[in-house]
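Subject: Structure for your review

Dear colleague,

Please find the structure below. A short account of the findings follows it.

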Amino acid sequence: MKCAPFDYVRPSSVEEAVTTLRQAAGDGKILAGGQSLVPVMAMRMARPSVLVDVNRIPGLSSVEVDARALRVGALTRHALLEAQDEHPLLAEAAGWIGHTAIRTRGTAGGSLAHADPSAELPVVAVATGATVTVAGPDGLRELDAADLFTGMMTTALADDEMITSVRFPRPDRWGFAEFARRHGDFALVTAVVTGFGDGLRVTLGGVSAAPVRAHAAEEVLAGGGTARDAAQAASQEIEPTADLHGSVPFRRAMAAEMVRRALARVGPGE
Amino acid sequence: MDVQLTVNGETTRLDVEPRRTLADALREDLGLTGTHLGCEHGVCGACTVLVDGAPARACLMFAVQADGADVTTVEGLQDDDGGLHPLQEAFVAHHGLQCGFCTPGMLLTAAHLLETHPDADRETIRAEMAGNICRCTGYQGIVDAVQAAGRDQSRSST
Ligand SMILES: Cc1cc2nc3c(=O)[nH]c(=O)nc-3n(C[C@H](O)[C@H](O)[C@H](O)COP(=O)(O)OP(=O)(O)OC[C@H]3O[C@@H](n4cnc5c(N)ncnc54)[C@H](O)[C@@H]3O)c2cc1C
Ligand code: FES
Ligand code: FES
């Protein structure tokens, strides 16, 4: 349970980090909170030859608010997201991540880049239509969160790219519900309902390789259907797989129940 | 690599391999074996220490990352006369430990909990301590101990 040897680089700018990654030619990894990367390295499921520790790059843990969104630096710790009150949905979701000792270290950028199908922040990013800013050898580019997640723990990021910030739009109305076996465990199912102006979006985590919108459920709601009908529609449109944490019928039932609970928290629309 | 750590108030310099975890540096290089290693991948909580006042898994942090940081381990909980910390007294009084393997991590998690939530109820204590696994006690005694220490703390501060 010890990591393989690696070279440790501690850049002081994003440009330097990107250059180091480029030089490592696919064998380098960014080290942010280390709460996902270090376990994987300890189990020798990853053995990068270069670790690029971005923790001392100034300006990456800022939180900026404007009328419509919260922009968080990639290095913003889960604990800080949990404590802020400008984006209550993000605060609620961050509070569900692991335990205090995980949230003091883990970062927003790391969570999105790690792209665990059960993680909370990717679901919120898709549910709010977040924009991810990425630095690479050719400068900055912006990416819709929905396009970032390409599959189970895989993203559209190149080996020499780094997330620098994420802009989470602030919904007018929202509801969040999660089912996990024990407090602090990864979610079996997370449901996030968001309202921007007209209509409601329903987004689910834990039911497939990446966060998914439950379009059938959204249509039920748009057509004036009940929360129960929407929950039922969501549970039928997803394609969960069975694993040791739960069977397919169990996951469908949990998805329906989490959608129902998230909708109950949104309250009646105007 | 050369790192400077302040551990329990004492500043030291160490030369470590980058892959040396903070936990191993504390135990192997500094001889502070109070920090226990259970799982070595972040799940059990036995290695929890305070880094700049906040609880962190010492098995998920490389010592080089703690360069310049202030670290508190279970050895740093005792008072200046070497007496037990009130939380340690409470763990003894309320059967908060049996084998003691999980205890250092429990104590540091609890110390931070009582600092940030001075009047934590049982539910808060259970939620905040959920990241620390104990295979002996069944947790009841641990929750009792933390609650008792919290009560004493608020009594002596009024
Ligand atoms: C016991 C335990 C319980 C946990 N429970 C949960 C949970 O319930 N929900 C949850 O969501 N997570 C959970 N986590 C994981 C935690 O949220 C991590 O903090 C998060 O997944 C990764 O963030 P990090 O900053 O620690 O990233 P790291 O571990 O440092 O990195 C993770 C990956 O992302 C890459 N990366 C990091 N930053 C960037 C960046 N800026 N740009 C590009 N790539 C980057 C790294 O190279 C690496 O591949 C848990 C972890 C532990 C140990
Ligand atoms: S040894 Fe660090 S959490 Fe288990
Ligand atoms: S007292 Fe033995 S593991 Fe907790």
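The contact between the two chains draws on 28 residues of chain B and 31 residues of chain A. Please note that this is a predicted model.

The size of an interface is often given as the accessible area lost when the parts come together. Here, chain B and chain A bury about 2200 Å² between them, and 59% of this area lies on carbon and sulfur atoms. On the side of chain B, R19(B), L60(B) and Q65(B) provide 27% of the area that this chain buries against chain A, more than any other three residues.

Charged pairs also link the chains: three salt bridges are counted between chain B and chain A. In one salt bridge, the side chain of K2(A) meets that of D24(B), with 2.8 Å from N to O.

Two packed helices are described by the angle between their axes and the distance between the axes. The axes of helix α3 (residues 103–116) of chain B and helix α4 (residues 122–129) of chain B come within 10 Å and cross at roughly 130 degrees. Because of this angle, α3(B) is oblique to α4(B). The crossing of α3(B) past α4(B) is right-handed.

Which residues make the contact between these helices? From α3(B) they are M106(B), T109(B), A110(B) and L113(B), while α4(B) contributes T124(B), I125(B), E128(B) and M129(B). Of the residues in this contact of α3(B) with α4(B), five are nonpolar, two are polar and one is charged.

Yours sincerely

How values were computed
Residues are numbered from 1 along each chain as its sequence is written. Chains are lettered from A and ligands numbered from 1 in the order in which they are written. This is a predicted model: local features need pLDDT of at least 70, side-chain atom pairs count only at pLDDT 80 or more; totals for chains, interfaces and linings use all residues. Side-chain values use heavy atoms; hydrogens and water are left out. Axes are lines fitted to C-alpha atoms, for helices over the stretch in contact, and angles run from 0 to 180 degrees between N-to-C directions. Helices (H or I, at least four residues) and strands (E, at least two) are DSSP runs, numbered from the N terminus. Angles under 35 degrees count as roughly parallel, over 145 as roughly antiparallel, 65 to 115 as roughly perpendicular and the rest as oblique. A crossing is left-handed if the near helix is turned anticlockwise from the far one by less than a right angle, and right-handed if clockwise. Contact means heavy atoms within 4.5 Å. Ala, Val, Leu, Ile, Met, Phe, Trp, Tyr, Cys and Pro count as nonpolar, Asp, Glu, Lys and Arg as charged, and the others, Gly among them, as polar. Buried area is the accessible area (1.4 Å probe) that two parts lose on being put together, summed over both. A salt bridge is a side-chain nitrogen of Lys or Arg within 4 Å of a carboxyl oxygen of Asp or Glu.
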